[in-house]
Number of protein chains: 2
Amino acid sequence: MAVNNWLALLQENGYRLTGARRAVVEIIADSHRALTPVEVYDAAREQYPALGLVSVYRTLEKLEELGLIQRVHQPQGCQAFIKAGKGHQHLLLCSKCGRTTLFDGDDLDQFIKSVARKTGYQINEHWLQLFGLCENCK
Amino acid sequence: MAVNNWLALLQENGYRLTGARRAVVEIIADSHRALTPVEVYDAAREQYPALGLVSVYRTLEKLEELGLIQRVHQPQGCQAFIKAGKGHQHLLLCSKCGRTTLFDGDDLDQFIKSVARKTGYQINEHWLQLFGLCENCK
DNA sequence: ATATAATTGAAAATGATTTTCAATATCACT
DNA sequence: AGTGATATTGAAAATCATTTTCAATTATAT
């Protein structure tokens, strides 16, 4: 269960284990959809009603720092977060249900090298996101 | 000169040609860096001091509608705009000076098909951005 | 020249995020 | 188990980006 690993990692990094953090981690660690801070807030308060929105922001910030979640950029906005993959992975988003799938992008290296050659840039990082319909929705 | 084409296109689409629009278009049509609304505002007021920030937002909205500019997503934020390329193109951003270069991404089709096969998604759209150092900065 | 409707800038409203702060809760050390 | 230092909390206020409202102005077809 990802939740316990995440909580352990928070603790290993000197952060205390609190009700607010537990509640936030429980919602986002197992979600297959990208969630905005307010969505996390609403969902997490069902288990932990005292939760404040500010603590959601603060916890998300720490989870992002630790590489456990990543921000998802979409046409409607860029506030949502989803768990991050191990190593370098890319996002595939279902435009209908919002389901998020991670996939490897090693095959891109070739392509990126060719762009570097053509443009003269030294390329250090890349962002790739695919949008479409998942198996259920298509 | 891109400026005049953009202004003509605005007019062809039923929009009036005003000082505010001219000023905004002049700044963004020839920029090689992505600019935020406030950056456009500050730069455009040097030529047209009466300009209001609201008109910058409204003009950017129309330029985006017409496909002349596109929003640029970056780690520091997603409010900046740069001129769009013809057809489907991708962005290459210099992390140092902010210079933006467009490049073709036709070569990606193969890769995207393989992701579709592996994941079961029907893929309709993709976003790709590369970050690095341009020839001058590296 | 004139009339009409689009456009303007200022101000207010909204929405997202951050900061401040006094109260509380976690955890290391007994 | 109890205690103390300090990290963390939620609420309220502050900030920043964006949108809406509105009366005044301006572009353009006639």
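User: In this predicted model, which residues come nearest to DNA strand D?
Analyst: The model is predicted. Around DNA strand D there are 20 residues. Those that come nearest are A:Tyr15, A:Ala20, A:Gly52, A:Ser55 and B:Gln79.

User: Which element supplies the largest share of the surface near DNA strand D?
Analyst: At least two residues each come from helix H2 (19-29) and helix H4 (53-65) of chain A and from helix H4 (53-65) of chain B. By class, the residues of this surface are nine nonpolar, seven polar and four charged. The largest share is three residues, and the element that supplies it is H4(A).

User: Which element supplies the largest share of the surface near DNA strand C?
Analyst: DNA strand C is surrounded by 20 residues, and the closest are A:Arg16, A:Leu17, B:Ala20, B:Gly52 and B:Ser55. Two or more residues each come from H4 of chain A and from helix H2 (19-29) and H4 of chain B. The surface near DNA strand C divides into nine nonpolar, seven polar and four charged residues. Its largest share, three residues, comes from H4(B).

User: What is the bridge partner of B:Val72 in S2(B)?
Analyst: Strand S1 (residues 69-74) and strand S2 (residues 77-83) of chain B pair in the antiparallel sense, over five bridges. A hairpin of two residues joins S1(B) to S2(B). Within this pair, the partner of B:Val72 is B:Ala80.

User: Is the crossing of H3(B) and H4(B) left-handed or right-handed?
Analyst: The two axes cross at roughly 115 degrees. The crossing in which H3(B) passes H4(B) is right-handed.

User: Is B:Ala29 buried, partly exposed or exposed?
Analyst: B:Ala29 is found in helix H2 of chain B. Leaving out residues up to four places away in sequence, B:Ala29 touches B:Ala2, B:Val3, B:Trp6 and B:Lys83. A buried residue needs 20 or more other C-beta atoms within 10 Å, and an exposed one has 12 or fewer. B:Ala29 has 18 such atoms, so this residue is partly exposed.

User: What distance separates the C-alpha atoms of B:Ala29 and B:Leu63?
Analyst: B:Ala29 lies in helix H2 of chain B. Along the chain, B:Ala29 and B:Leu63 are 34 residues apart. Their C-alpha atoms are separated by 9.9 Å.

User: In what order do the elements of chain A run from the N terminus?
Analyst: The secondary structure of chain A comes to five helices and five strands. Of its 138 residues, 28% count as buried. From the N terminus on, the order is α-α-α-α-β-β-β-β-α-β.

User: Which element gives the largest share of the side of chain A that touches chain B?
Analyst: The contact takes 29 residues from chain A and 29 residues from chain B. On the side of chain A, two or more residues each come from strand S4 (100-104), helix H5 (108-119) and strand S5 (122-133). By class, this side has 15 nonpolar, nine polar and five charged residues. The largest share is twelve residues, from S5(A).

User: Which residue of S5(B) is the bridge partner of A:Leu130?
Analyst: S5(A) and strand S5 (residues 122-133) of chain B run antiparallel and are joined by eleven bridges. In S5(B), the partner of A:Leu130 is B:His126.

User: Which strands are the edge strands of the six-strand sheet?
Analyst: The six strands form an open sheet with mixed pairing, in the order S4(A)-S3(A)-S5(A)-S5(B)-S3(B)-S4(B). An edge strand here pairs on one side only, and the edge strands are S4 of chain A and strand S4 (100-104) of chain B.

User: Which residue of S5(A) is the bridge partner of A:Leu93?
Analyst: Strand S3 (residues 89-94) of chain A pairs with S5(A) in the parallel sense, over four bridges. In S5(A), the partner of A:Leu93 is A:Phe131.

Key:
Residues are numbered from 1 along each chain as its sequence is written. Chains are lettered from A and ligands numbered from 1 in the order in which they are written. This is a predicted model: local features need pLDDT of at least 70, side-chain atom pairs count only at pLDDT 80 or more; totals for chains, interfaces and linings use all residues. A residue is near a molecule or strand if its C-beta atom, placed from the backbone, lies within 6 Å of it. Ala, Val, Leu, Ile, Met, Phe, Trp, Tyr, Cys and Pro count as nonpolar, Asp, Glu, Lys and Arg as charged, and the others, Gly among them, as polar. Two strands pair if DSSP finds at least two bridges between them. Axes are lines fitted to C-alpha atoms, for helices over the stretch in contact, and angles run from 0 to 180 degrees between N-to-C directions. A crossing is left-handed if the near helix is turned anticlockwise from the far one by less than a right angle, and right-handed if clockwise. Two residues are in contact if their C-beta atoms, placed from the backbone, lie within 7 Å.
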